Amino acid sequence: MKLRDLCTILLLLPCVLQAATTAITGARVHTVGPAGTIDNATIVITDGVIAAVGRNVNIPAGAVTIDADGKIITPGLFSAMGQLGLTEVSAIDGTVDGIQRGEQFSAGFDIAAAYNPRSTLIAVNRIEGITRAAVTPTGRTEPDDFGNVSHIFSGLGAIVQLGDTADPVVRRRAMMILHLGAGGGSLAGGSRAAAMLQLRTALDDALDYAGHKSEFESRNRRDYSLSQADLEALQSVIEGTTPLLVYVDRASDIEVLLALADEYKLRLIVGGGAEAWMVAEQLVAAQVGVILSSINNLPASFDELNSRLDSAALLADAGVVVALGGDNSVQNYNARNITQAAGIAVANGLTWELALRAITLTPAELYGVADRAGSIEIGKDADLVVWNADPLELTSYPQQVFIKGESVPMQSRQTLLRDRYLDWSNSLPPAYRH
Amino acid sequence: MSLRTSVALTIVFLLSVACDDSAKLSSPDADAAYASRYQALPASTTLLRGATVLTGTGERLENADVLLADGKIAAVGSELKAPDAQQVDASGLWITPGIIDVHSHLGVYASPGVDAHSDGNEATAPNTAEVWAEHSVWPQDPGFVTALAGGITSLQILPGSANLFGGRGVTLKNVPGKTVMDMKFPGAPYGLKMACGENPKRVYGGRGVAPSTRMGNVAGYRSAWIAAAQYRDQLAKFGNGEGEAPNRNLQLETLAGVLDGEILIHNHCYRADEMAVMLEIAKEFDYTISAFHHAVEAYKIPELLSSNNVCAAVWADWWGFKMEAFDGIRENAALLDKAGACAIIHSDDEIGIQRLNQESAKVMGAAAAVGVDIPPERAIRWITANAAKALGILEQTGTLEKDKMADITVWSGNPFSVYTTVERVYIDGALAYDRQAPQNNPVTDFSLGTAAATGGAK
């Protein structure tokens, strides 16, 4: 029995929708792939996957056709950093799962088990075009009630798709999160040099453990700075397969990090990068991309003294791979504002095409999931956003979002509230309007 | 000066203001302690020609000219002639009133955001009406300059929201000053920051002192107003030659200033039901609330707000970060506007203040999606005229009307496009910012030698 038939029997409705062939016609399609922008294009979706895209595409018999004449279609947007699905109300401890404090776990903390695809935040953001997200645990320098702070390693993040289909987590252990700079220094005991030493010790321990696992387990090896679970989690990092996403802003910290990554052959992503533009050439040479904090042009700390609004353009001009999404203001509750970050980058010198890429394909590439997401290309998951106008304009809005070929209900807790209070003709109390 | 004399002078000032509304807006004695020592930057007569003009009064003029003379708006219209004026070709550009933020912490939570710069919350007692934000303002905060590059010409600096009464806010003109007095908006009334809800009860409840509940918050406000009313009455009697003058009390002086209509209430209040309770308190003690700030649920009570003539200052889309923010919706300001209430978009943020135009655009987009169309000439009021109204400075600024301060922002295009940049900012007719001449733009002492000093933008 084919997998599709099996799921049709077990889960009738979703599978029927997935199995159907859909054609969306007439739109201007920004593929963000080699085909570039295509006017009056047709996109054919079969089994949730893009089967065809172009101007002269045959629509298969029996396909459901959606007329998108005059609309603009982009790939689904990719939230490159944040805690979507890990936080409901950030001021309420019991709803916050993205932060781990204390010594029990660090690198081994795997966030996927906490991900909640039904979080209020998911619907709010997906109806504004976010279809995939990197879910990245983070740390706190403020101690909890027991005096614990976080470790410089926040643990392992995941890549999720925001649709209603089964298996929202598309890749577990997609990246390892690390804090350096002033934040990392604070977590490590007061100096960024201490954070670097803690990092180096952890990597050395992970390497030693890799070669002496049985000795360690029979207690015939020296003590390590981290638990076995943490050392296990670091194995793919020292092998260079799992990227290390590092919160770091100051130019000198990035330089020290690049040297260490070269020594240990690590795969790096810089997160934040307020002063990354000052070390652009080194980033290019090391082939390290940046998930840029591009809106924050004022120094929150001395690590960001040289932050500037045009850093996305400066980095891109130098040849650095730039994704947008490092600003807190475009994560979590307002991950949807990633389009604003892109628009501001354009206003400050980045090309429109690179700005759209920086919120779609580039983050997918940085995390190694571009085989399924990030652009409108044959064989990729059909994550699409149909916009009424230029997607980077804040007065524009999505009219329909597709995730893995399924149309997402264009409803959230916020639209329900809006509709309730928009209805002024109803004299009954609002509680009766739903 | 004896204490007694100073009390007597205060009384005279309070009484004169109470009797004559216009006194509120006149320039106070420049020699008085803490008075504005604002001096406009050097200005020449300037004629900006051929722009799209949003007047702030709800009008949109195409191919219009704006004449700035003697620091004032001399004329707005078509085919204006002023041969001696500096001529600026503004075709293709848009001109709006200078942008005004009613809720900023620039200078009191200055960048860099280190503990040493945490000067916005005197979180040592739930009522600190005696503190004045201006005494925390660091004029070298680089955020003033970046706000200028975002078109901000006036802004209110408020204390934080830890306390029921956080202290006095101060309205500034966004010009570089060596002291806060150099920046104070001449004649602008003071604000008083109040806070509802979670913050005060969390801060003090966490220490085991009142308030620890919302009802504790309300008891705290009411007790303070009872004391303030007594103080005011005793002062009034003394002014009429009856009884003793009360000992001078900074906290009660500010609260009495509210009861006398001299100081404007700016009330941090998220929930609709709490705003309604605050209006009841205002009714009990006979004062008015100028604006609710962070009014995340204002869209639930537009009639209540408009009938009480109180503005609602809101974010475009901040929501969810605490329980009282859980019901935030992007259409908030648009639904208020549609209902005839006074809607304001505010920042509360050193980054957000740089683009209140874009925050407004988000509201316009969300509203348009449900058939509520707000044109640019209407939306611009949220960050100009309505903000000026809430700050009590609408007679001087906030619209492009003749004889108002020549505070204007010139945009590269429609201000509600994400691609639009601020090209020029004029404050009292002086060119305070010019995107095309970064070498002429201000740089704070703190920013010398950093990227900010090179312009920070291509």
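Let's start with strand 1 (residues 21-30) of chain A, which pairs with strand 5 (residues 72-75) of chain A in the parallel sense over two bridges. When I say strand or helix, I mean a DSSP run, numbered from the N terminus: helices are H or I with at least four residues, strands are E with at least two. And two strands pair if DSSP finds at least two bridges between them. Within strand 5 of chain A, Ile72(A) is the bridge partner of Arg28(A).

Before going on, please keep in mind that this is a predicted model, where local features need pLDDT of at least 70, side-chain atom pairs count only at pLDDT 80 or more, and totals for chains, interfaces and linings use all residues. Residues are numbered from 1 along each chain as its sequence is written, while chains are lettered from A and ligands numbered from 1 in the order in which they are written.

Back to strand 5 of chain A: it also pairs with strand 14 (residues 384-387) of chain A, in the antiparallel sense over four bridges. Here Ile72(A) turns up again, with Trp387(A) in strand 14 of chain A as its bridge partner. As a reminder, strands of a sheet pair through backbone hydrogen bonds, either parallel or antiparallel.

Now to the eight-strand sheet. In chain A, eight strands make an open sheet in the order 6-7-8-9-10-11-12-13, and the pairing is mixed. Which strands stand at the edges? They are strand 6 (77-79) and strand 13 (322-324) of chain A; each has a single partner strand, so one side of each is left without a neighbour in the sheet. From one strand to the next, the twist averages 25°. For angles like this, axes are lines fitted to C-alpha atoms, for helices over the stretch in contact, and angles run from 0 to 180 degrees between N-to-C directions. Helix 11 of chain A lies across strand 6 and strand 13 of chain A, and runs at about 130° to strand 13 of chain A.

Let me zoom in on strand 11 (residues 268-272) of chain A. Is it mostly covered or mostly open? It is mostly covered, with five of its five residues buried. Buried means that 20 or more other C-beta atoms lie within 10 Å of the residue's own; exposed means 12 or fewer, partly exposed is in between, and the C-beta atoms are placed from the backbone.

On one side, strand 11 of chain A pairs with strand 10 (residues 244-248) of chain A, parallel, over five bridges. There, Gly271(A) is the bridge partner of Tyr247(A). The chain gets from strand 10 to strand 11 of chain A through helix 8 (residues 251-264) of chain A, in a right-handed β-α-β crossover. Right-handed means that, with the strands pointing away from the viewer, the path from the first strand over the helix to the second runs clockwise.

Strand 11 of chain A also pairs with strand 12 (residues 289-292) of chain A, in the parallel sense over four bridges. In strand 12 of chain A, Leu292(A) stands opposite Gly272(A), and Val290(A) stands opposite Val270(A).

Next, two helices. The axes of helix 5 (residues 192-211) and helix 7 (residues 228-238) of chain A come within 9 Å and cross at roughly 95°. Therefore these two helices of chain A are roughly perpendicular to each other. The cut-offs are: under 35 degrees is roughly parallel, over 145 roughly antiparallel, 65 to 115 roughly perpendicular, and the rest oblique.

What about chain B? 41 residues of chain A are in contact with 41 residues of chain B, where contact means C-beta atoms, placed from the backbone, within 7 Å. On the side of chain A that touches chain B, helix 11 (338-347) and helix 14 (413-422) of chain A are the elements that give two or more residues.

Chain B has an open sheet of eight strands too, in the order 6-7-8-9-10-11-12-13 with mixed pairing. Its edge strands are strand 6 (99-104) and strand 13 (343-345) of chain B, each pairing on one side only.

Finally, some backbone details. Most residues other than glycine have a negative phi, and most peptide bonds are trans. The bond from Ser111(B) to Pro112(B), however, is cis, with omega near -5°. Pro112(B) sits in the loop between strand 6 and helix 2 (142-148) of chain B. Asp286(B) is not a glycine, yet has a positive phi of about 60°. Asp286(B) counts as exposed because it has 10 C-beta neighbours inside 10 Å.

Definitions and conventions
Contact = placed C-beta atoms within 7 Å.
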